[in-house]
Amino acid sequence: MVTVTERPSATLTAGIAGASGYVGRELGRLLAGHPRLSVRATGREAASLVGCDVALLALPHGASGPVARQLADGGTLVVDLSRDLRGEWCYGLPELHRSEIEGSRAVANPGCYATAAVLALSPVVEAAVVGGHLVVDGKSGVSGAGRAPSEASSFCGAGEGIAAYAPVGHPHQAEIEHELSRRSGLDLSVTFTPHLAPFTRGLLVTAYARLTHRLSQREATDLYRDAYAGEPFVRVVDAPRTQPLRTTNLCHLGVWVDERRAVLVVCAAIDNLVKGAAGQAIQNANLMLGLPEHLGLPDVELAL
């Protein structure tokens, strides 16, 4: 266990499991600037995090679930960033599950692709203007593959090119399907193809849906602005781009209507390490602890 000196102004403490990975390091970076929450301890075992007000788990899939359950059973607030408990615990997408998260002691952080895809498509599936089969194309920076070295994520493997992977059966496919079906009340199906893109961080999702009702461009734009009005981290923009969102907890959405073909196109851009992982985990922790949800989370785009 590594003990970290607590800032005098902080009144609550966090523990990080998996602090040496990209997401764990991002948790540490963000918490270093949090006005009410500071890192008290890091460690891979549950015992090292007992006594913290909240535990943030950035452990590998499969290894995280047992630690998360042990901490939660012992009374510690837990945000788990793995996929181990996403079908069991409260789903930690604050824009859509805020009231549930506020009353929860155990939250499963969504996947990065699922965060972008669900935010992109929820307004139209809830409004019942699309239906049937949905198509989601995703592109993520190499940091999304984690720190473990591999040929695909090496400079020679990832640089100056782009490649699709797991076009059938990616875990986020089922996650996206489940959440959108739950929000629509329909049995929706989703084709999801992720791509590894030659940049460090950032994620862009482009989603396509067949319109079941006539929808003009103005109506679509208004629908999205109304759906996310007042949300501190979601903004409707003309053309989402990954670069301005680096290191921020923002999600930028853009929506277009192809009236001739009755197709809706939605883009969502996020930083995969922040809104797609560590930032959203802290957003959830803030809600669980009764703090303002924006605390410690960057919400200003980079000037490029």
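Modeller: A salt bridge here is a side-chain nitrogen of Lys or Arg within 4 Å of a carboxyl oxygen of Asp or Glu. This is a predicted model, where local features need pLDDT of at least 70, side-chain atom pairs count only at pLDDT 80 or more, and totals for chains, interfaces and linings use all residues. Side-chain values use heavy atoms, leaving out hydrogens and water, and residues are numbered from 1 along each chain as its sequence is written.

Colleague: What makes arginine 261 and aspartate 258 a salt bridge?

Modeller: Their side chains come to 3.2 Å, N to O, and the cut-off is within 4 Å, so the pair counts.

Colleague: Why is arginine 261 called partly exposed?

Modeller: Buried means under 20% relative accessible area, exposed over 50%, and partly exposed in between (1.4 Å probe, protein chains only). Arginine 261 has 46%, so partly exposed is the label. Aspartate 258, at 24%, gets that label too.

Colleague: And what about glutamate 26 and arginine 29?

Modeller: Their closest N and O atoms are 2.6 Å apart, a salt bridge again. Both sit in helix α1 (residues 22–31), three residues apart, about one turn of the helix. Helices (H or I, at least four residues) and strands (E, at least two) are DSSP runs, numbered from the N terminus. An α-helix has 3.6 residues a turn, so residues three or four places apart point the same way.

Colleague: Is glutamate 26 buried or exposed?

Modeller: Buried: its relative accessible area is 5%. Arginine 29, at 39%, is partly exposed.

Colleague: Which salt bridge links distant parts of the chain?

Modeller: Arginine 183 with glutamate 126, at 2.4 Å, N to O. Arginine 183 is in helix α6 and glutamate 126 in helix α4, 57 residues apart.

Colleague: What puts the buried residues of α3 on the same side?

Modeller: In α3 (residues 94–102), the buried ones are Pro94, Glu95, Leu96, His97 and Ile101. They cover an arc of only 160 degrees around the axis, so they lie on the same side of α3. That arc is taken from the directions from the helix axis to the C-beta atoms.
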